[in-house]
Amino acid sequence: MKKLGIFIGKIFLCGLILSCSVEVINEEKYTVSYESEYGTVPESFEVTENNVLTKEQLPVLEEKGYTFGGWYIEETKIEVGYIVLSNITLTAKWTVNTDTAYKVIHYQQNIDDDEYRLFETEEKSGTTGSETEAIAKEYVGFVSKDVEQGTILADGSTEIKVYYDRKIITLSFDSDGGSKIEPITGKYGTSITTPENPTKQGYSFMGWDSELPKTMPAEDVIFKARWQENSFGLMVKAPVQSDIPNLANQLFWVQKLPLWLQKNIQVIVGI
């Protein structure tokens with residue numbers, strides 16, 4: 001009878017062990033995988049059936065130029081506590097930032113050579129991946145070259161460079177009948193060498209109608225000469241009738257002068 005009890009006990013123990021083994025063997029395991037176009041993609045992992053996802057298993061990703069919008073299975077957003085009943089792939093969704101920074105750098109041409117120097121930097125922003133909207137500025141004495149746009153990079157490193165050439169300015173001189181003065185041409189801002197004064201027969205040069213600048217102005221300018229007509233006086237005193245022949249002699253002498261000079265001589269009879 002004692003042996004029978006021991007035998008039954010052994011059978012019961014074996015059944016218990018066998019039952020436990022079957023439960024372990026039949027426990028399902030599933031794989032949770034991740035997919036993301038941006039950021040650092042987490043490694044996949046295994047969970048047992050009916051396991052719930054934790055906050056650590058649904059990490060928030062980061063990527064410059066984009067905003068993380070959560071983990072999804074197709075169109076369903078997966079939250080903490082989601083029960084895993086099969087193999088799943090979590091896909092990250094992103095929103096493109098509309099305030100990604102980029103720079104527009106303006107360069108102006110040097111006076112002494114054809115190189116350029118940094119003049120001004122603008123801080124701008126736009127949508128990641130879209131085209132920049134750089135606009136050339138209006139600078140006195142400069143004309144911009146064509147602006148080449150670029151793509152706004154997510155990391156904010158995009159730089160658009162805009163170049164400006166100095167205007168080529170011409171100063172012209174209208175001598176108004178006087179000797180010719182050659183025009184002066186040069187870059188905006190360059191030093192000016194004052195030209196020699198013009199000459200005009202029978203006139204004195206009184207300067208130009210506006211003051212000559214020391215450096216090239218921003219626009220072309222025409223300067224017109226100002227003249228003052230020369231005049232001469234010939235005084236012949238004829239206090240008595242006997243001096244009239246002397247006066248006639250002086251008038252004869254005047255008639256021998258060039259016409260332009262005759263026009264400017266006044267014969268005055270003094271008493």
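Is Thr 190 buried or exposed? Thr 190 is buried, with a relative accessible area of 17%, where buried means under 20%, exposed over 50% and partly exposed in between (1.4 Å probe, protein chains only).

The close-ups below come from a predicted model, in which local features need pLDDT of at least 70 and side-chain atom pairs count only at pLDDT 80 or more, while totals for chains, interfaces and linings use all residues. Residues are numbered from 1 along each chain as its sequence is written, and side-chain values use heavy atoms, with hydrogens and water left out.

View A. Thr 190 sits in the loop between S11 and S12; strands (E, at least two residues) and helices (H or I, at least four) are DSSP runs, numbered from the N terminus. Look for its side chain reaching the backbone oxygen of Lys 187 at 2.7 Å. Beyond neighbours within four places in sequence, Thr 190 is in contact (heavy atoms within 4.5 Å) with Ile 111, Lys 214, Thr 215 and Met 216.

**View B. Lys 187, a buried lysine.** Lys 187 belongs to strand S11 (residues 184-187) and counts as buried at 14% relative accessibility. A polar atom of the Lys 187 side chain lies 2.8 Å from the backbone oxygen of Asp 113. Leaving aside neighbours within four places in sequence, the residues in contact with Lys 187 include Gln 109, Asn 110, Asp 114, Arg 166 and Met 216.

**View C. Lys 93 and Glu 75 in a salt bridge.** Side chains of opposite charge can pair when their charged atoms come close. Here the side chains of Lys 93 and Glu 75 meet at 3.2 Å, N to O; a salt bridge is a side-chain nitrogen of Lys or Arg within 4 Å of a carboxyl oxygen of Asp or Glu. The pair links distant parts of the chain, 18 residues apart, with Lys 93 in strand S5 (residues 88-96) and Glu 75 in the loop between S3 and strand S4 (76-77). Lys 93 is partly exposed at 30% relative accessibility, whereas Glu 75 is exposed at 66%. The structure holds five salt bridges.

**View D. Glu 219 and Lys 167 join two loops.** These side chains form a salt bridge at 2.9 Å, N to O. Glu 219 lies in the loop between strand S12 (203-208) and strand S13 (221-229), and Lys 167, 52 residues away, in the loop between strand S9 (159-166) and strand S10 (168-174). Glu 219 is partly exposed, with a relative accessible area of 47%, and Lys 167 is partly exposed too, with 26%.

**View E. The largest pocket.** This pocket has a volume of about 170 Å³. On a 1 Å grid over the protein atoms alone, a pocket is an open set of points where a 1.4 Å probe fits, with protein on both sides within 12 Å along at least five of seven lines, and lining residues have an atom within 4 Å of a point. Its volume is the space filled by probe spheres set on the points, which are joined across faces, edges and corners. Among the lining residues are Leu 58, Phe 68, Trp 71, Lys 77 and Glu 79. Strand S3 (residues 66-73) gives the most to the lining, with three residues. Seven lining residues are nonpolar, one is polar and three are charged, with Ala, Val, Leu, Ile, Met, Phe, Trp, Tyr, Cys and Pro counted as nonpolar, Asp, Glu, Lys and Arg as charged, and the others, Gly among them, as polar.

Conventions: Polar contact = N/O pair within 3.5 Å; in protein donor to acceptor, adjacent residues only side chain to side chain.
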